[in-house]
Amino acid sequence: MSKSAEAATDSDNKRKSSQRRGLVKGPDFRYFQHRSFTAAEVAQHKEEGDLWVSYLGHVYDLTPLAEEYKGNILLKPIVEAAGTDISHWFDAKTKDIRKHVDPLTNTLRYRTPWGRFIHIPPQLPRSDWATDYGKPWWQGTQYMVGRLISKTRHIRLVNLLTAQEHILEVGTLETMWEIVHRFLAYNAHAASYTWKYDGRILNMDCTLEENGIHNEEDDFELLKMDDPLYLPAITLHFNDDLTEL
């Protein structure tokens, strides 16, 4: 296919995608990539075959590393930490694994009280220790999948078409489009709704706070009130295009 034909096809696909959206205008979620994750989402990836960790504010998918070193005893500490935050392994200033003076060699060595792991050199020189792996796995961004959401809040989504309600944990700095993308796991037609709060159509390029939906969880928690009583309710008003993503 010629370049001009490819361009025409791409333009036609975009036009059709726009038409499918009906009244809802926003990013094409077929290509939209979610780049922020809650600690609860990271915790879902806690197996050797699906291994995520977070550290120093970012989330990493170490599944390829686990596959490469499958059966290696040095993989054990990493597998045991799957689904958790391992920032305590690192020096926040150097972004490297913490170090200490080894009492045996009296030299500065990596500190790994949970056990030596992949790419950490042995305590003493060994002939079978290979250093041709390039950068250690914790350096660089080859395994990075996004940022870790440092602060979350809960919102209540009320579908006025089906009368269904759902409480969703979201990042305080996420835009409404990111929240829509997060909600697709529970409603594939989430992009076919107009989202409102207190009767106002929300600006989907802004955060909850920027839309005037303030976080009062801490205040109401002190009053011992149940979640549904104080969580802000965002209403979903159905349009007519049945967008499914």
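Two strands count as paired if DSSP finds at least two bridges between them. By that rule, this predicted model has an open sheet of 5 strands in the order β1-β7-β4-β3-β2, with mixed pairing. Strands (E, at least two residues) and helices (H or I, at least four) are DSSP runs numbered from the N terminus.

Residue numbers start from 1 along each chain as its sequence is written. Local features need pLDDT of at least 70 and side-chain atom pairs count only at pLDDT 80 or more, while totals for chains, interfaces and linings use all residues; side-chain values use heavy atoms, without hydrogens and water.

- The edge strands, each pairing on one side only, are β1 (36-37) and β2 (46-47).
- β2 pairs with β3 in the antiparallel sense over 2 bridges, and Lys46 has Leu51 of β3 as its bridge partner.

**Thr63**
- Thr63 is in helix α3 and is buried at 9% relative accessible area (buried is under 20%, exposed over 50%, partly exposed in between; 1.4 Å probe, protein chains only).
- A polar atom of the Thr63 side chain lies 2.9 Å from the backbone nitrogen of Leu51.
- Leaving out residues up to four places away in sequence, Thr63 touches Glu48, Gly49, Asp50 and Leu51 (contact: heavy atoms within 4.5 Å).

**Nonpolar cores**
- A nonpolar core is a set of buried Ala, Val, Leu, Ile, Met, Phe, Trp, Tyr and Cys residues joined through side-chain atoms within 4.5 Å.
- The largest one has 23 residues, and Leu62, Ile78 and Trp137 have the most contacts inside it.
- β3 (50-55) and α3 (63-68) are the elements giving two or more residues to this core; β3 supplies the largest share, 3 residues.
- A second, separate core has 19 residues, including Ile179, Leu184, Leu202 and Met204.

Key:
Polar contact = N/O pair within 3.5 Å; in protein donor to acceptor, adjacent residues only side chain to side chain.
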